[in-house]
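Subject: The structure I promised you

Hi,

Here is the structure I said I would pass along. Have a look at it first, and then read on for what turned up.

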Amino acid sequence: MDLLKQKILNEGIVLPGNILKVDNFLNHQIDPQLMYEIGLAFADIFADMKITKILTIEASGIPPALMTGYIMKIPVVYAKKTEAANLDSDYLSAEVYSYTRKKSYIIRVSRNYLKSGDCVLLIDDFLANGQAVLGLSDLVDQAGACLAGAGIVIEKAFQQGGDRVRQRGIYVRSLARIEDMSGGTVQFCDE
Ligand code: 5GP
């Protein structure tokens, strides 16, 4: 997606540890027009899959997931990272290791919002080592729902997550795939 790639080149900052900072439009300040274009792109890619629900993780997955759900007219559920008092007591949970935070956390979704009849599209901001997508797909399995695939805004293709997730049979489509950024400049995969 050219608009997204331009935005990454113009506004993304490569931090030590292979972290791409995109706080200017995705992870802190949010660009609604770009999110809308991202939603259109995912809606187009996954149009024929009879998706009934979009699942993401708070917080940064929510803007692209919400726009995709808005365009596809499908409810969006986000997995919670904290055990809030207002979460239904009957919930599904999975453990996720965070690459950026270097620690594990539990994600939770009420059983009311993920059911065996659902066909689920996962959406997330980044795919790095694959832990978030695998944790979300674990929740889908526990619900007995079907997994249509995963839509990723930025895939760091030089890390193992993409292969790991695809080897599990999950259909993954990423709007920008980064081949390398070790020299401080982002280079995208040819595709
Ligand atoms: P994974 O679970 O695939 O290892 O990592 C995906 C999650 O880690 C994403 O939800 C995202 O929040 C975070 N993440 C991983 N790499 C980066 C990065 O380079 N930049 C930012 N901003 N977040 C990242």
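In what follows, two residues are in contact when they have heavy atoms within 4.5 Å. Please keep in mind that this is a predicted model.

Let me start with a pair of helices. From helix 2, the residues Pro-32, Met-35, Tyr-36, Ile-38, Gly-39, Leu-40, Phe-42 and Ala-43 make contact with Pro-63, Pro-64, Met-67, Thr-68, Tyr-70, Ile-71 and Met-72 of helix 3. What kinds of residues make up the contact of helix 2 with helix 3: nonpolar, polar or charged? There are 13 nonpolar and two polar residues, with no charged ones.

As for the geometry, helix 2 covers residues 32-45 and helix 3 covers residues 62-72; their axes come within 8 Å and cross at roughly 55°. Because of that angle, helix 2 counts as oblique to helix 3. The crossing of the two helices is right-handed.

Next, a hairpin. Strand 5 (residues 91-98) and strand 6 (residues 103-110) run antiparallel and are joined by eight bridges. Within this pairing, Ser-93 sits opposite Arg-108 of strand 6. Four residues lie between strand 5 and strand 6, and Lys-102 in the turn has a positive phi of about 60°.

Finally, a look at one serine. Ser-137 belongs to helix 4, residues 131-143. Is Ser-137 buried or exposed? Its relative accessibility is 9%, so Ser-137 counts as buried, the cut-off being under 20%. Leaving aside residues up to four places away in sequence, Ser-137 touches Leu-122, Leu-147 and Ile-170.

Best wishes

Conventions
Residues are numbered from 1 along each chain as its sequence is written. This is a predicted model: local features need pLDDT of at least 70, side-chain atom pairs count only at pLDDT 80 or more; totals for chains, interfaces and linings use all residues. Side-chain values use heavy atoms; hydrogens and water are left out. Buried means under 20% relative accessible area, exposed over 50%, partly exposed in between (1.4 Å probe, protein chains only). Axes are lines fitted to C-alpha atoms, for helices over the stretch in contact, and angles run from 0 to 180 degrees between N-to-C directions. Angles under 35 degrees count as roughly parallel, over 145 as roughly antiparallel, 65 to 115 as roughly perpendicular and the rest as oblique. A crossing is left-handed if the near helix is turned anticlockwise from the far one by less than a right angle, and right-handed if clockwise. Ala, Val, Leu, Ile, Met, Phe, Trp, Tyr, Cys and Pro count as nonpolar, Asp, Glu, Lys and Arg as charged, and the others, Gly among them, as polar. Two strands pair if DSSP finds at least two bridges between them.
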